[in-house]
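Here is a set of questions and answers on a two-chain model. Look over the sequence and structure first.

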Amino acid sequence: MKITLAQIKKGQKALINDFNVDVIPLKLLEMGCLPGNTVELLQVAPLGDPLYINVNDSHVAIRLETARQIEVEIIKE
Amino acid sequence: MSTSTLKVALIGNPNTGKTSVFNQLTGLNQKVGNYPGITVDKKQGVSKLSPSVKATILDLPGTYSLNASSLDENVVIELLMNKNDKDFPDVAVVVTEVENLKRNLLLFTQIKDLEIPTILVINMSDRMEQKGITLDIPYLEKELKTKIALVSSRKKTGIENLKNLIINYKELSTEPCLNASEIDPDYFNNLRHTFPNQLLYKLWLVITQDVNFGNLHRNEVSIQSFVKSEAELKRLQQKETIKRYQFINDVLKVGYTVNREAATDIRARLDRVLTHKFFGYIIFFGILLLIFQSIFSWSSIPMDFIDESFASLSAYAAENLPPGLLTDLISEGIIPGLGGIIIFIPQIAFLFLFISILEESGYMSRVVFLMDKIMRRFGLSGKSVVPLISGTACAIPAIMAARNIESWKERLITILVTPFTTCSARLPVYAILISLIIPEKHLLGIFNLQGLTLMTLYLLGFGMAIFSAYILNKILKVKGKSYFVIEMPDYKVPLFKNVALNVIEKTKAFVFGAGKIILALSVILWFLGSHGPGGNFKNAEQIIEQELAQNKISGEKEDLVASYKLENSYIGIIGKSIEPVIRPLGYDWKIGIAVVTSFAAREVFVGTLATIYSVGSHSEEETTIKNRMNAEINPITGGKVFNLATGVSLLLFYAFAMQCISTLAITKKETNSWKWPMIQLVFMSGFAYVVSLVAYQILQ
């Protein structure tokens, strides 16, 4: 089943599978948000958006609409 | 003495402590200027590397990579691409932070591709133990083809080592650390054959960026049909980024080890509280209250002192200097004018102190995170919080702070509505008017009525900003990609030196920037107020004497002459001619002049009235501006000029009107069009006029 970064729960870790390069800002790629890297959802803002993630050891916040474009695979602990 | 001067550029990601390293290297030997034509701060300083070698250190704006997405980042690339630039560095110092080394190295590998001698600074080394990090420096130096300086700008260690590395910059390798052209060998080989004299990476940057770099013109590359579609380019850029990270990961796997057991994670614990759905907001609003408290009440002590000192200085000058035109100019023009500038220092300093602490500590990012969703409902971004808060100091840096909002529409709306927030220049206007019309009483024994009024005005400004944003969001049809990425840096205790230097620099910029205008206007106003055309002004004394003799008027002769002179001076004539427009708002011609001149800078309002009244009154005793205003009598009604109706009308006018010429100028610069500043001017001032009109007509 395909899920996106927007669907994982707080505290869960996932592997980035793929995304549509055209809609993902270059700046996010440069932060390390790239296929093959792991991402952890650290915090969700009080109103459910944005998401505070740790990707490739970079701590960044992105909006849900961006997170929906990133396909991930949950890593079972 | 022949000392050699090296040119050094400090480059690095935001939040790496680059500015701390700069401060350590240069101490107080720094100055802030502007890059020609744009409003990006250019920080330069001089560092004494050894008794015989000095270096000019240029602190470039923070950037995540050489793919520029903002004006600030452009500066970095344009400099590094242009060997003929007078600031082109002999050596590049890339500042990274030990905890985010992986991400920080991305920029480092790009800089290395430019084949400039490069030193790698790994900052915040004092955190290594706490985070369980160990580094294999010799290995890293070998793989990254550089020299490394482990620095702790907090503990002040490693700076001497860095200085030595800079002196010996000729020993540094200029070899790239990886071959990025492997992402598309055919394409890059072709490129290399076509431009054998150019650096491959430079060519690539020129192709992917939208700017010209030095002597290499974009069009030159375009004709060679090397340009690909935007999507293709982006795919290649992604490949490039992956390639670089692969290299970095491989290097760090050996050279960088983290013992997670040893790491204590304060970040997660603090985040849990500071971004909590309830406490997060409580803390944020608590901090806002603290900021306002400091501006309203703590800074009033030094401000009162400054106000009184200048009043006595003015009186002292008038008494002790030989009478004449020059003395008048000094005591009635220059001294009150200077006082009008210096009185702002406490408030500005407090505001920048708080903003600087919030930024340095890493807390500001959490505020952005907390507020983003709420702000988006009004067409703003979480990042608009920073401009809106900075706007309480001054709209100019605030509008510039909107630069890192990625979505053009959100950025434009932020720029347009930021001037509604109450800037510190309006504070003296509010303060003096409130003290004249609102009694100093306490509501329910706790809340100071005057304080509450001030708070209401701030809320009005802020509310209006949000409301206009909401409307603009509905009206504006701006296309553009919307996205939002913000780094959440680790929490740090702000460094005193950084905060102090920042406060000094910002305050200085404000005082000297606005100060020149205020001082010049004070002198012009004084001249216009003490000279007049025709016989009425010259013969004021005889005319008043005559009228006194005929019992047409009564009162102290000196005061009567003074006010008669003022009415017939140039300024009086100008004021009277605009009176019909402002009369319905409850303003007389003196207030009118103050309102008009305050378009140069808000605080000029108080200074103008001070100048006008000190020109108008010849009594020798020292009086503060407030007393003079309070004593003004409306000749028609016989009541005070600054009564409740006029006061409220003025307060509302200042709450909503377009603030000053500088704000318009910065909006023009940042939006690159006259359309938006004109919309601001017409809409804001028109709205202010109507509101003040209604308020005055109801209250009078």
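Q: What is the count of salt bridges between chain A and chain B?
A: This is a predicted model, in which local features need pLDDT of at least 70, side-chain atom pairs count only at pLDDT 80 or more, and totals for chains, interfaces and linings use all residues. Residues are numbered from 1 along each chain as its sequence is written, chains are lettered from A and ligands numbered from 1 in the order in which they are written, and side-chain values use heavy atoms, with hydrogens and water left out. A salt bridge is a side-chain nitrogen of Lys or Arg within 4 Å of a carboxyl oxygen of Asp or Glu. Between chain A and chain B the count is 6.

Q: How many residues of the side of chain A that touches chain B are charged?
A: Helix H1 (26–30) and strands S3 (38–44), S4 (51–55) and S5 (58–62) of chain A each supply at least two residues of that side. Helices (H or I, at least four residues) and strands (E, at least two) are DSSP runs, numbered from the N terminus. Ala, Val, Leu, Ile, Met, Phe, Trp, Tyr, Cys and Pro count as nonpolar, Asp, Glu, Lys and Arg as charged, and the others, Gly among them, as polar. The side divides into 20 nonpolar, 5 polar and, as charged residues, 7.

Q: Which three residues supply 21% of the area that chain A buries against chain B?
A: Contact means heavy atoms within 4.5 Å, and here it takes 32 residues from chain A and 45 from chain B. Buried area is the accessible area (1.4 Å probe) that two parts lose on being put together, summed over both. The two chains bury about 3,500 Å² between them, 56% of it on carbon and sulfur atoms. The 21% share of chain A's area, more than any other three residues supply, comes from A:Lys27, A:Glu30 and A:Arg63.

Q: Which residue of chain B forms a salt bridge with A:Arg63?
A: Salt bridges that share partners join A:Asp49, A:Arg63, A:Glu65, B:Asp372, B:Arg376 and B:Glu410 into one network. For A:Arg63, the closest N and O atoms of one bridge are 2.8 Å apart, and the partner is B:Asp372.

Q: Why does the salt bridge of B:Lys102 and A:Asp57 join two chains?
A: The closest N and O atoms of this pair are 3.4 Å apart. B:Lys102 is buried at 17% relative accessible area, while A:Asp57 is partly exposed at 32%; buried means under 20%, exposed over 50%, partly exposed in between (1.4 Å probe, protein chains only). The pair joins two chains because B:Lys102 lies in helix H3 (residues 101–113) of chain B and A:Asp57 in the loop between S4 and S5 of chain A.

Q: How many residues apart are B:Asp72 and B:Arg403?
A: Their side chains meet in a salt bridge (2.9 Å, N to O). B:Asp72 is partly exposed at 23%, and B:Arg403 is buried at 10%. B:Asp72 sits in helix H2 (residues 71–81) of chain B and B:Arg403 in the loop between helices H18 (395–401) and H19 (408–417), a separation in residues of 331.

Q: Is B:Val40 buried or exposed?
A: B:Val40 lies in the loop between strands S2 (30–34) and S3 (41–48) of chain B. Among the residues that B:Val40 touches are B:Pro61, B:Leu71, B:Asp72 and B:Arg403. At 2% relative accessibility, B:Val40 counts as buried.

Q: How many residues apart in sequence are the parts tied together by B:Lys131 and B:Asp490?
A: The two side chains meet in a salt bridge (3.2 Å, N to O). B:Lys131 is buried at 9%, and B:Asp490 is buried at 7%. B:Lys131 lies in helix H4 (residues 128–131) of chain B and B:Asp490 in the loop between strand S12 (485–487) and helix H22 (496–530), so the separation in sequence is 359.

Q: Which helix do the buried residues of H7(B) pack against?
A: The buried residues of helix H7 (residues 185–194) of chain B are B:Tyr187, B:Phe188 and B:Leu191. They cover an arc of only 90 degrees around the axis (taken from the directions from the helix axis to the C-beta atoms), which puts them on the same side of H7(B). The face turned away from that side carries the exposed B:Asp186 and B:His193. The buried residues pack against chain B's helix H8 (200–208).

Terms used:
Lists of a residue's contacts leave out its neighbours within four places in sequence.
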